[in-house]
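Open the structure in your viewer and keep the selection tool at hand. The stops below take you through the pockets, the chain contact and the cavities.

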Amino acid sequence: MQEHLLSIVLFTPLAGLLVLLFIPGTQKNLIRWWANLSAAAGFLVSLPLLFSFDRAKDGYQFVERFDWIPSLGVQYLVGIDGISLLMVLLTTVMGMLAIFSSWQSIDTRVKEYYAMFLLQQVGMIGVFISLDFLLFYIFWELVLVPMYFIIGVWGGPRKLYAAIKFFLYTLVGGVLMLLGILTLYFQYHQQFGRYTFEITELMKLHLPLGLQQWVFWSFFIGFAIKVPMFPFHTWLPDAHTEAPTAGSVILAAVLLKMGTYGFIRFSLPLLPNASADRTIVTVLVVLSLVGILYGALVSLMQQDWKKLVAYSSVSHLGFCTLGIFSLNQAGLSGSVIQQINHGISTGMLFLIVGVIYERRHTREIKEYGGLAHVMPNYAIVFAIAMLSSAGLPLLNGFVGEFTILQGAFDANKTWAAFAVLGVIFGAAYLLWLYQRTMLGDVTNEKNKGLPDLNWREWAVFLPLIAWAIAIGIYPKPYFDILEKPVQAIVLRVHQAQNASVAPAGGTATRAALEVSR
Amino acid sequence: MSAFYTATDHFVLLPAILLALFGCATLLFDFWVFPDPKQRRWLLLFLVIGEAFTAVAFWRQQAFLGSHGGDLSAFHGALVIDKYALFFHWIFLITTVIVGLISYRYFEVREEHHGEYYGLLMLAQCGMYFLASGTELVSIFVGLETMAISFYILVGFLRADQRSNEAALKYLLLGAFSSGFLAYGFSLLYGLAGSTRLRDIMAAVSGRDPWDPILFLALVTTTVGLLFKISAAPFHMWAPDAYEGAPTVVTAYLAVGSKAASFALLIRLFAGALGPVREAWLPLIIGASVLSMTIGNLAAVTQTNTKRLLAYSSINHAGYILLGLVAGNSTGLQGMLVYIMVYAFMNLGAFLVITALNRKGIAGEDINDLRGLMQKAPGHAIWMLIFLVSLAGIPPTAGFFGKYYIFRALVETGHYTLAAIAAIYVAVAAYYYFRLVKAMFIEKEDTETPPLEVSLGTRLALGITGAATLAIGIFPEPFLRLAQMSVSR
């Protein structure tokens with residue numbers, strides 16, 4: 001069992017999907033039950049990963065290896081370290097809750113809907129556990145088609161535009177990334193005389209800085225579009241706004257993390273010289289900072305509740321990439337924790353929009369006001385989600401943002417200064433949103449007599465609130481899990497930096513010093 | 001067996017003889033045995049039996065090569081059976097059988113079910129045999145014409161349909177024109193080498209300056225002729241019209257069979273005999289490849305007729321396959337073979353679903369005819385989705401591995417710019433393939449139309465092509481190994 005644990009986690013949703021296909025489409029409730037059971041089973045089988053995970057161990061755990069396409073050197077090679085462990089758990093939890101939250105809101109083409117969700121779970125888990133680059137790429141692309149359908153079939157008025165935009169953007173990034181992957185693959189063959197996509201093997205490559213930079217940019221396009229970093233973010237507001245609630249939740253909570261995860265798992269360890277290259281770090285950090293500020297400022301302007309949350313993602317993901325390219329322990333582990341936090345809090349914010357949208361069928365902020373009088377419980381949940389997203393101490397958001405800022409401050413004080421501005425703007429647009437929708441008097445007649453949260457909605461929110469508070473109060477276990485893998489990555493970037501003859505840039509040296517301290 | 005016709009000659013030629021015999025016999029049987037149009041379905045059985053015999057002949061050749069190794073040359077080096085040729089022969093055979101399986105219902109609905117159709121399919125395949133196995137210019141040219149003439153008739157097979165006639169005429173004129181080019185190039189090559197055998201030509205050209213004017217003229221005319229046949233830009237103009245006007249089943253055969261056969265010849269010629277003067281023809285191939293991807297993709301975006309859209313997409317695919325030749329290393333050649341195999345299955349599959357939409361009074365050729373297919377025939381819609389995703393080159397379907405090899409070969413040979421262009425066009429192509437997906441899954445039917453009537457043959461063919469598209473995507477190893485063996489010399 002233990003040695004096939006990851007495969008079980010990966011294929012449980014697929015097994016659920018295969019059975020689902022045999023349930024007749026008219027049996028809507030049976031389909032709902034089955035999909036929820038499959039998702040819950042998917043979550044349950046992922047729990048042993050957490051319990052059996054040895055946080056003191058270096059390298060990957062639960063590794064499974066099987067020669068899949070020997071003539072190309074492609075293996076079915078899966079395994080996790082602390083970073084992927086957290087990502088897998090985030091995926092199974094959010095997947096389960098997203099599927100559960102769709103019980104009432106999805107009433108057309110139910111079977112196809114759940115089938116797409118389960119397929120997407122497989123793709124996302126696969127992305128986070130693959131240790132073979134081509135396998136990773138295949139899962140990466142596998143996610144596209146289900147999301148296209150989730151947005152395109154069950155989405156809002158401009159769903160067709162949003163769906164194809166999401167699809168094409170990510171596809172073009174993916175294919176350009178494939179060229180980078182193939183370059184590494186070919187170089188490995190040049191140097192070692194055999195073909196492999198195994199990432200620990202590819203890490204043995206000695207590549208000149210120039211080539212590393214090219215490959216870095218090719219990965220960058222793939223990952224930056226997915227994150228999305230400014231200026232590749234334009235697909236995100238459309239996709240998020242038009243997707244059905246559960247689709248937005250998964251998109252924000254898990255799908256975007258595939259990009260940041262890609263940077264951490266592939267760009268940094270495989271291309272350490274390029275990742276610490278002064279120009280590249282500057283460009284990436286500037287783009288992150290622009291993303292943080294731009295996302296926050298645009299959020300301030302939004303009239304549409306959901307679009308506001310969507311743009312806030314651009315801002316929050318900017319923090320994550322800033323943390324990664326601070327290239328130190330604090331920045332990187334803060335970034336991973338912030339990714340989890342963003343999954344929880346933005347996931348909640350999208351669910352909150354979904355709750356009110358189901359009742360009123362509008363997302364215009366000015367349609368609301370004073371909802372706290374009508375739906376007190378809803379207002380409390382919203383307050384927690386909002387404060388967690390804004391980074392209030394004792395809630396999860398604070399832990400991530402603070403650690404990232406600490407890392408950025410160590411790397412470069414100017415960066416930290418700009419990022420802090422982002423935190424302030426973040427609090428501003430969230431509080432203002434809360435004020436406009438929840439506080440004051442009920443001005444709109446239609447809002448009177450709206451029902452408060454029902455038990456299903458509570459069941460979705462409670463675990464997320466609990467998780468948010470748990471991280472906020474006691475984040476140590478997360479840092480413990482992340483310590484080893486993050487250390488290894490930082491060390492690798494640092495060593496490559498020292499080994500290279502090229503004079504190290506100021507930022508990178510400081511980042512390197514951070515490790516030795 | 002005399003010195004003119006040895007046992008080896010017979011062994012090598014047997015599949016072609018069988019195809020010609022069964023093809024001609026079908027023409028006769030049509031008159032003698034099945035005067036009633038309703039009974040003509042039995043002729044399909046005739047085709048299947050003929051193909052079964054041919055398959056046995058190929059199988060024996062395969063077994064012989066397996067136990068003896070090397071290749072088997074016949075008629076003083078005019079024909080050859082090697083793994084490369086057999087790879088294509090199997091593709092032609094499967095393609096012909098699948099096209100036969102989906103045809104009877106199509107022609108019955110159109111009330112144009114004539115027996116000679118099956119005969120012509122086999123005669124066309126007989127021509128293809130010489131394209132893949134020919135190692136001598138005259139045999140190749142005769143094979144090419146046998147195939148082409150069968151296709152001229154097949155394209156105009158809907159006698160009462162004006163578009164079909166128009167398509168046949170256009171195809172005939174431009175096809176004859178391109179054959180002229182090719183014949184001109186062949187004659188120049190003969191003049192240079194003093195022999196029509198490819199190995200003599202290879203020896204003759206390898207000693208020459210690649211930029212020798214006569215040689216260059218020969219290369220240009222040969223290339224132009226072949227680019228016509230594979231419908232690569234800028235010689236693609238016939239394809240959209242011919243594809244649109246031809247009966248859909250013939251379009252499928254044209255898009256897969258004819259293209260694969262022409263590629264079989266193109267690869268043997270350019271990677272083999274003309275390999276030594278690569279630097280002279282390479283710019284032509286690069287230009288044709290980039291133009292094909294550009295024109296194919298950009299023109300496909302605005303099409304409203306599914307067959308026309310797939311015609312432009314096939315021009316685009318020709319561009320991708322040519323990139324393997326541009327790379328020119330063993331990965332590139334292997335990639336071309338994998339791509340052609342994959343293309344055969346996924347493209348046949350896509351045409352097959354379009355064919356299934358053809359009902360009484362509904363042509364089923366407009367994109368809007370696909371609307372609401374998910375509600376109407378979920379099985380067909382899901383298979384079509386798999387074919388389209390594969391055509392777009394997205395894993396885990398077969399199409400991805402075609403693209404994978406091409407990209408890898410380009411990266412290995414340092415053609416980074418070409419690789420980036422090809423990568424970006426993947427997204428453009430995905431856009432128009434997903435227009436079809438959108439119609440099938442998201443949009444709703446405008447007016448109520450009768451349900452699909454799906455014949456047993458179509459179901460069978462759909463199963464074969466769909467299973468192959470998925471199998472190559474998920475367990476590609478045996479298929480890739482097959483392609484690898486077929487190019488290793």
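**Stop 1: the largest pocket**

Select Leu14(A), Leu17(A), Leu119(A), Leu142(A) and Leu470(B): of the 46 residues lining the largest pocket, these lie nearest its centre. A pocket here is an open set of points on a 1 Å grid over the protein atoms alone, with protein on both sides within 12 Å along at least five of seven lines, and its lining residues have an atom within 4 Å of a point.

Before going further, note that this is a predicted model: local features need pLDDT of at least 70, side-chain atom pairs count only at pLDDT 80 or more, and totals for chains, interfaces and linings use all residues. Residues are numbered from 1 along each chain as its sequence is written, chains are lettered from A and ligands numbered from 1 in the order in which they are written, and side-chain values use heavy atoms, with hydrogens and water left out.

The volume of the largest pocket is about 1,400 Å³. Volume is the space filled by probe spheres set on the grid points, which are joined across faces, edges and corners.

Now colour the elements around the largest pocket. From chain A, take α1 (5–20), β1, α4 (110–129), α5 and α6; from chain B, take α14 (373–376), α15 (378–391) and α18 (456–474). Each supplies at least two lining residues. Helices (H or I, at least four residues) and strands (E, at least two) are DSSP runs, numbered from the N terminus.

Colour by class next. The lining of the largest pocket has 36 nonpolar, five polar and five charged residues. Nonpolar covers Ala, Val, Leu, Ile, Met, Phe, Trp, Tyr, Cys and Pro; charged covers Asp, Glu, Lys and Arg; the others, Gly among them, are polar.

**Stop 2: where the chains meet**

Show both chains. Contact (heavy atoms within 4.5 Å) links 34 residues of chain A with 37 residues of chain B. Together the chains bury about 3,200 Å², 78% of it on carbon and sulfur atoms. Buried area is the accessible area (1.4 Å probe) that two parts lose on being put together, summed over both.

Which elements of chain A give two or more residues to the side that touches chain B? Select β1 (61–69), α5 (133–142), α6 (144–154) and α7 (159–192) of chain A. α7(A) gives the most, with 15 residues. On this side of chain A, 27 residues are nonpolar, three polar and four charged.

**Stop 3: the second largest pocket**

Select Ser105(A), Ile106(A), Trp154(A), Pro244(A) and Tyr357(A), which lie nearest the centre of the second largest pocket among its 21 lining residues. Its volume is about 400 Å³. α16(A) brings the largest share of the lining, four residues. By class, the lining has eight nonpolar, seven polar and six charged residues.

**Stop 4: the cavities**

A cavity is a set of grid points where a 1.4 Å probe fits but cannot get out. How many cavities of 30 Å³ or more are there? The count is ten.

For the largest cavity, select Ser101(A), Ser102(A), Val355(A), Glu358(A) and Glu457(A), the nearest to its centre of 17 lining residues. The largest cavity holds about 180 Å³ of space. α3(A) gives the most to its lining, with six residues.

Finish in chain B. The second largest cavity holds about 80 Å³. Its lining includes Ile102(B), Arg105(B), Tyr106(B) and Glu453(B). α3(B) provides the largest share, three residues.
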